[in-house]
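Reader: I'm new to this one. Could you walk me through how to read a few of its features?

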Amino acid sequence: MTYQIFCMGNPLLDVQVRDGEALLKKYDLQANNAILAEDKHQPIYDEIVKDYPVTYVAGGASQNAARGAAYVLPPGSVVYTGCVGDDELAEQLRTANKREGLDEVYLVNKTEKTGACAVIITGHDRSLVTTLRAAEKFEASHLSSPKVAPLVEGAKLFYVEGFFLTHGVESMLALSQHASEKNKTFVLNLSAPFIPQFFSAQLEQVLPYTDIVIGNESEAAAYAKSILKSDTTSIAEIAKGIAGYRKANDRPRVVMITQGPESTIVVEGKNPVKVFPVTPIASELIVDTNGAGDAFAGGFLGAYVAGKSLDESVEVGHKMGAMCVQLVGPQFKWPKVQVL
């Protein structure tokens, strides 16, 4: 069995609550941000289950995007790997993946619990607080195991979340260097402002082998400060800066920066900046924005691998993002809607 798309990331179960203003205040969280849980945040996981009506949704940035790509492609097109525990949380993730037609080759860690993400919704914003647990126990050797190595060999495109840089640089380099050498496509999502802020050294190790970079406006701003050493707020200038970062092969790098309801900015190598307007959605139709960026990435990946042009693939990304914000968490309409 070979898959066109191979995705890798931190598999997490999202534990989502609404009207979480008090939680933001208590745990010193920002409304539209993503962080790794520190010791002071650990009680939040029990507290939200005890005190709030919670919704459990399969999460993890790359896994969300992989499900999005699987949604738009025929079954057996997308496979995902990451590390989970041997527990009920992992079973919930497997069930959600199966529904979308996503296959997985998890590494199972018998001693750690599956990772979780507290998703605190306030209005249209989401604040993500992640405890990685098993997810950060991923081992690069899993990629060369008899089960996974043929899948890496057979894939045309690789997608990895920036969050993986906090613990899995070796694995990311293995995939990105393989892609660079074999003329395959390696796609990296910046994932959160703290990645370029605090993991810039790791990011700069992987960037030379990266063909497509996806991020949002706040991640772009963090990249500008940390790597471009610039205070510019021009998304187009930042995108050009990322596109111009040194590259191990001579293929031009594509950079896509989403801005929620505002236009998406796309730069391909030294070509002029392209601007893709987003079709507005009435405020009352928006349920929450958790996973919208992942849905965009998934839609883009699916269309791109299906042979659509860069412009067409961005538009499919927009359609998937729009579908996601009208549902709870990173989910898609069922029965499937044709978006290609």
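Author: Happy to. Keep in mind that this is a predicted model. Let's start with burial: a residue counts as buried when its relative accessible area is under 20%.

Reader: Okay, so are Tyr80 and Tyr106 buried or exposed?

Author: Tyr80 is buried, and Tyr106 is too. They also form an aromatic pair, with 6.1 Å centre to centre and 90° between the planes, which is edge-to-face.

Reader: What does that pair tie together?

Author: Tyr80 belongs to strand E5, while Tyr106 is in the loop between strands E7 and E8, so the pair joins parts 26 residues apart in sequence.

Reader: Why is the pair of Phe138 and Phe164 edge-to-face?

Author: Look at the angle between the ring planes: over 60 degrees counts as edge-to-face. Here the planes stand at 65°, with the centres 5.5 Å apart, so this pair gets that label. Phe138 sits in the loop between strand E10 and helix H5, and Phe164 in the loop between strand E11 and helix H6. Both Phe138 and Phe164 are buried.

Reader: How many aromatic pairs does the whole structure have?

Author: Eight. There's also an aromatic cluster made of Tyr71, Phe332 and Trp334.

Reader: And how do helices H11 and H12 cross?

Author: For two helices, check the distance and the angle of their axes. The axes of H11 and H12 come within 7 Å and cross at roughly 145°, and the crossing is right-handed. Residues in the contact include Phe296 and Gly299 of H11, plus Val314 and Gly317 of H12. By class, that contact has 12 nonpolar, five polar and no charged residues.

How values were computed: Residues are numbered from 1 along each chain as its sequence is written. This is a predicted model: local features need pLDDT of at least 70, side-chain atom pairs count only at pLDDT 80 or more; totals for chains, interfaces and linings use all residues. Side-chain values use heavy atoms; hydrogens and water are left out. Axes are lines fitted to C-alpha atoms, for helices over the stretch in contact, and angles run from 0 to 180 degrees between N-to-C directions. Helices (H or I, at least four residues) and strands (E, at least two) are DSSP runs, numbered from the N terminus. A crossing is left-handed if the near helix is turned anticlockwise from the far one by less than a right angle, and right-handed if clockwise. Contact means heavy atoms within 4.5 Å. Ala, Val, Leu, Ile, Met, Phe, Trp, Tyr, Cys and Pro count as nonpolar, Asp, Glu, Lys and Arg as charged, and the others, Gly among them, as polar. Rings of Phe, Tyr and Trp (its six-membered ring) pair if their centres lie within 6.5 Å; planes under 30 degrees apart count as stacked, over 60 as edge-to-face and the rest as tilted. Buried means under 20% relative accessible area, exposed over 50%, partly exposed in between (1.4 Å probe, protein chains only).
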